[in-house]
Structure formats: structure tokens, C-alpha cells
Amino acid sequence: MNAEQSKSLLSSGHLSADPYINNCYSEMCMSTTQVAPQPGKHKIGWVIAAIFIIADMVGGGVVAMPVAFKLSGLPMGIIIMLTVAVSFEYTGYLLGKVWNKIMERNPHIGVCRKPFPEMAKRTMGTNMQRFTSVLGNVTQFGVSVVYLLLSANIIHFFISHVLQIESISNCLVITALAFLIWPFTLLASPGEFWVVIVFAMLTTVIAVVSIHTGIALDSSACFSAVSYPQTTSTSTVLSFGIFLFAFSGHYVFPTIQHDMKNPRDFTKSIIAGFLGVVVLYLPLCVFAFVVYGDSMAESVIYSIQSPSLQLLANLMISFHCIMTLVIVINPLNQEVEHYAKVSHAFGIGRVVTRTIVLFLVLFVALTVPDFQPVMNLVGASTIPMGCAVLPSLFFLYSEAATEEEWRKGKIPTFKEVLERTDKTVLIINLVIIFGALLGGVLGSYQGVLKLIKAKFTQPCYIRLFTETTYNSTFQVKNVCCGANRDINVFNVTDFC
């Protein structure tokens with residue numbers, strides 16, 4: 001872009017007077033007056049960005065993390081949790097550093113659509129960009145499907161068992177939820193739906209408080225007869241995948257950073273965000289493990305014996321997943337809009353492309369209503385790459401490249417990266433990379449085993465013609481505590 005073009009865009013309102021806002025990557029931004037966006041009116045501060053990070057990571061992790069402690073044991077669980085948290089916080093910090101460097105070195109390009117794959121291109125080349133883009137899209141699409149299904153299953157249970165309305169099918173609830181979510185997916189970027197994310201954070205806090213309260217009510221009866229699991233090296237390894245999943249979210253981090261008033265403050269957001277997640281996770285996991293021990297179910301909510309608190313926690317997790325879906329699907333929507341050459345401004349192009357993306361999510365949800373076994377495999381194989389391996393590689397390659405190489409678009413060789421990188425920094429990143437790869441391989445292996453054993457039901461649209469009853473593998477359970485799982489705190493008939 002020459003000086004005259006820059007002046008034209010600036011005067012037309014399509015280019016900000018602040019050069020830092022205009023720094024972006026080349027392929028996924030529109031720099032012409034026809035498609036360039038208006039100056040950002042909804043930039044977020046670092047506190048809201050931290051809330052975005054928390055909301056992006058917590059949710060399913062809140063109910064699954066205590067089970068990871070059951071598999072690993074209390075001391076090892078604390079060690080693994082803090083190790084993963086610090087490692088992933090570090091790689092999130094690296095992503096922020098890389099993005100800031102890219103923006104500083106490319107001062108006159110438009111506004112970004114999807115920063116994560118462009119980091120791959122700028123630091124490691126076009127082939128890595130394509131790989132990263134596919135990897136991120138598969139993960140975000142799969143997570144969107146699972147969040148939609150999880151929310152629908154919980155709400156369907158509430159409708160059929162609490163409200164006693166049995167005529168409404170789970171398939172109808174899935175469709176209705178997608179329809180309700182649709183308007184929020186049309187919002188341009190995180191800066192425009194920060195209120196939604198604040199509510200998502202609020203639902204998580206309510207869920208955590210409900211779970212804590214339920215455990216406290218159960219503690220006197222359950223703790224007196226608690227039996228703790230005999231952990232093994234195998235069970236500890238199996239817990240690793242849950243810990244990785246509970247701190248994942250890096251695919252969305254650069255999108256959040258780019259919507260900040262000052263992207264350089266992203267370091268504060270990362271530190272505050274991960275600290276907030278640990279504060280939510282750690283006390284809950286320790287409390288649940290100490291009280292329930294070996295009797296803990298695959299979701300800690302199932303171990304809570306107060307029906308009202310169990311229902312409240314489940315509904316809050318459901319609402320959280322609904323709203324978090326808006327975050328997760330946004331980078332995918334923006335990339336589709338880029339390839340479809342849709343304007344950044346709100347219009348028919350955005351409505352059509354984002355409606356199609358959400359329809360595809362809905363179609364997969366209706367096709368495979370028990371999608372969790374598939375997502376177990378996808379998550380185990382993609383999360384370690386996106387949250388640990390790629391951020392470390394982006395950072396190492398960006399730091400190894402000289403200013404001249406950046407200007408010429410020359411990518412350093414792997415040998416040059418090893419030679420130019422400080423040895424301490426190199427060792428730290430290589431340990432993170434190999435640890436994540438090991439966890440991904442082990443998690444993928446377990447995911448394949450679960451996928452082989454999984455029993456899938458007929459798609460919803462086929463059941464319309466066959467009148468087949470839908471028997472979901474998801475069900476809200478009641479698990480009694482104690483060594484023999486026979487202690488019923490509230491003496492509810494047929495509770496266990």
C-alpha cells in the first residue's frame with residue numbers, strides 16, 4: 001500500500017489514525033475501501049479480555065477436572081494441574097508476543113480476520129499456515145458441535161424430567177438452541193459480544209458455587225465413609241488429557257488480543273485469565289476429592305446429592321456452553337468470510353455465510369447426536385498442537401528471524417533456530433513441545449479405543465421417518481458416596 005492509498009483509506013474512515021490498530025497479516029484482511037472495516041468502536045480492555053480467556057477455557061473443565069484428580073491422586077493431580085496451567089499460560093504469553101511483533105513489523109495492512117494461521121505463515125511459511133488453519137477449524141467446529149449437544153441434552157433432561165413435558169424430543173431442543181444462538185453468531189468479533197461473555201463467566205461462577213455448596217452439604221456423611229482410589233501410572237497418564245483440555249483455548253486467544261484497545265496488554269490478560277481458571281479449578285477439585293474420593297462419578301455434578309443444586313449446576317454449565325459457543329465459532333466464521341470475500345461491515349454476506357456455518361454445525365449435531373466419542377479423539381489430537389506445540393514453534397522461529405529476513409519473508413531453517421535461540425529458552429520450549437506431543441499421542445490412543453466401543457444412534461432426520469426413539473448416551477445420574485456407593489445423604493427413594 002503506497003502513501004496515497006493509505007491517505008485515502010485514512011480519510012474515508014477505513015484506516016485508523018493509530019498505526020498500531022492497522023498492523024495485521026496480509027492474507028486475511030481486506031485493505032480496499034470496498035471491504036475494509038470501519039474503525040473499531042468496540043475495543044475491549046485487558047480485564048474484559050481476561051474474562052474472555054476464562055470463559056473460553058472453563059465450562060466442561062469444571063465438572064471434569066475433579067475426575068482427573070480421581071485418576072491421578074491428590075498430590076500428583078495438584079502437580080499436573082499447576083504444571084499444565086503454567087505451561088499453557090506461558091504458550092499463551094508467547095502467542096501474544098508473536099502477534100505484537102507481527103503487528104509492529106507490518107504497519108500498513110488492514111484489520112485482521114483470523115490471526116492464528118497468519119502467525120504460522122509469517123513465522124514458518126505457507127504450508128504451516130494451511131496446516132494450522134485446518135487444525136484450528138476442525139477443533140473449533142468440533143467443539144461447537146459438542147457445546148451445542150451438551151447444552152441441548154441438559155435442557156432436554158430438564159424439560160422431560162423436571163417440567164414433565166415428554167412430547168418434546170431432544171432433536172427439537174438441539175434445533176431450537178441453534179436458532180436461539182444464531183443472532184449472536186452474527187456479531188462481528190469479540191469486541192461486540194463482550195456482554196455475552198460476562199454472562200458466561202457469571203454462569204460458571206454460579207455453577208462452581210452450587211457445586212461447592214452441594215459438596216459441603218454432603219461432606220459430613222460422605223467424608224466419614226470415604227475411600228480413596230488406588231492410582232497407578234496408567235490412570236495418571238489417562239488423566240493427562242483432561243488436564244490439557246481444561247486449559248485449552250489458544251486458537252481463540254489472538255482473536256481476543258486483536259480486539260483489545262491496547263494489544264500489548266494481552267500479557268496482563270493471560271496472567272489474570274489463567275490465575276482465575278486455577279482459582280476456579282483447584283479448590284473445587286481438592287474439596288471434591290477429599291469428600292467423595294473413589295465414589296466420584298465421571299462428572300462431579302452427578303456426585304452432588306442435592307437434586308436442586310445438581311440441577312442448578314447442570315443448567316448453569318449448559319448456559320455457559322451456549323454462550324461460549326459464540327466465542328469458539330467466531331474465528332471460524334471470520335475465516336469463511338475471508339475466503340468468501342465478504343465485507344467486514346454487517347450485511348447480507350455475513351448473514352448468509354455465518355448462517356451456513358451454524359447450519360453445518362447443526363447438521364452434524366443432528367447426524368451424530370452422540371458426538372462426544374468423536375470429539376474425544378479430535379480434542380486429544382488437536383489441542384496439544386494448538387495450545388503448546390504451535391505457539392512454541394511460532395515464537396522460536398519469530399525470534400530466530402533477523403529483521404532483514406522478516407522484510408524479505410525468509411524463514412529460518414530449523415538448524416538456524418537451534419543455533420540462534422538462547423539455550424535456556426530453547427530447552428523450556430522443547431520440553432513443552434515434547435510433553436504436549438506425548439500427551440496428544442496417549443490421548444489419541446484412548447480416543448480411538450472409546451470411538452471403537454461407542455454406539456451411535458440414528459440421525460435425527462432419519463428418525464422422523466422411522467419413528468425410532470432416541471436413546472442418548474447422555475443422562476443425568478445420581479451417584480451415592482462412600483466406599484460402596486451406598487450412602488444416601490438426603491434419604492431420597494431410589495436415589496442411587
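Colleague: What makes I348, V352, I356, F359, L360, F363, Y461 and I462 a nonpolar patch on the surface?

Modeller: In this predicted model, these residues together have about 750 Å² of accessible area, computed by the Shrake-Rupley method with a 1.4 Å probe and with only the protein chains shown counting as cover for residues. A patch consists of residues with over 30% relative accessible area and no salt bridge, where nonpolar side chains (Val, Leu, Ile, Met, Phe, Trp, Tyr) are joined within 5 Å and like charges within 9 Å. I462, at 37% relative accessibility, is partly exposed; the class lies between buried (under 20%) and exposed (over 50%), with a 1.4 Å probe and protein chains only.

Colleague: Which helices supply at least two residues each of the nonpolar patch?

Modeller: They are α15 (348-367) and α20 (460-466), helices being DSSP runs of H or I with at least four residues, numbered from the N terminus. The largest share, 6 residues, comes from α15, while I462 has its place in α20.

Colleague: On what basis is the model read?

Modeller: Residues are numbered from 1 along each chain as its sequence is written, and side-chain values use heavy atoms, without hydrogens and water. Local features need pLDDT of at least 70 and side-chain atom pairs count only at pLDDT 80 or more, whereas totals for chains, interfaces and linings use all residues.

Colleague: Why is the pair K408 and E404 called a salt bridge?

Modeller: The definition asks for a side-chain nitrogen of Lys or Arg within 4 Å of a carboxyl oxygen of Asp or Glu. The N to O distance for K408 and E404 is 2.9 Å, so the pair qualifies. Both residues belong to helix α17 (residues 403-408), where being 4 residues apart separates them by about one helical turn. K408 is exposed at 64%, and E404 is partly exposed at 44%.
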